[in-house]
Amino acid sequence: MLPLDDHRFADRLRSAIAGIEATDIALGVSLARAKDHPGVRALASASEVGSWQSLLALSVGTLAFGLASRDRRLAAAGRQMLVSGVLASVVKTSVKRVVHRTRPNVLMDTGRYQKGWLGPNVGPWQSFPSGHSALSVAVARAVGRAYPEVRTPAYAAAAGIVAVQMLRGAHFPSDVVVGSLIGIAAEATADAICGSPRPADPRR
């Protein structure tokens, strides 16, 4: 049995977590109010470049073109993009299968919100974490590491994909934050495994 002080601490901790979650939900719903606007729908369609299918094709294509053209730097970049994306995908998929959470658009359209462990393994209950955020951040960091001269546009593109996930009502803010952290960790792990592709020496 917990001492009284421990019970009070546990109650305060639960209250703080509930408050953070309530703020996260409120912010997510607020950001997604324009989800049915034609402009937001267009952005949502464009953000599918951050899907695992698109980024896998981009990574494999970069690797293949680098090998075919004997461009070692490009091939190394493609390899790191691919490994980063695969790692990010494995982690986000594993978490989604353990944690279920209703997406903001489901909450807004039906008034239903649920979260818990080992829930339905279907899209409407797979808000946490954001896969688009995880993969786009992982691949953007791999690109930026290999080609520092395009780091800013690569990061900006990933940030845009992350933001649209909230505007379209697909994810709450905490979903995209955790997804982005998964992407950062995945790319760092890929760098440790593969080694960074070296930028070209400007003196050559």
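The expected span of a helix is taken as 1.5 Å times one less than its number of residues, where helices (H or I, at least four residues) and strands (E, at least two) are DSSP runs numbered from the N terminus. On that basis the 27 residues of helix α4 (residues 72–98) should span 39 Å, and this agrees with its end C-alpha atoms, which are 39 Å apart. At the start of α4, a side-chain oxygen of Asp71 comes to within 3.2 Å of the backbone nitrogen of Arg73.

This is a predicted model, in which local features need pLDDT of at least 70 and side-chain atom pairs count only at pLDDT 80 or more, while totals for chains, interfaces and linings use all residues. Residues are numbered from 1 along each chain as its sequence is written, and side-chain values use heavy atoms, with hydrogens and water left out.

The protein chain holds 8 helices and 2 strands, in the order α-α-α-α-β-α-β-α-α-α from the N terminus. Its C-alpha trace spans about 70 × 50 × 30 Å along the principal axes.

Two packed helices are described by the angle between their axes and the distance between the axes. For α7 and α8, the axes (lines fitted to C-alpha atoms over the stretch in contact, with angles from 0 to 180 degrees between N-to-C directions) come within 9 Å and cross at roughly 155°. The two helices are therefore roughly antiparallel, a term for angles over 145 degrees.

| Helix | Residues | Contact residues (heavy atoms within 4.5 Å) |
|---|---|---|
| α7 | 151–167 | Val162, Gln165, Met166 |
| α8 | 173–194 | Pro173, Val176, Ser180 |

Conventions. Parallel < 35°, antiparallel > 145°, perpendicular 65-115°, else oblique. Polar contact = N/O pair within 3.5 Å; in protein donor to acceptor, adjacent residues only side chain to side chain.
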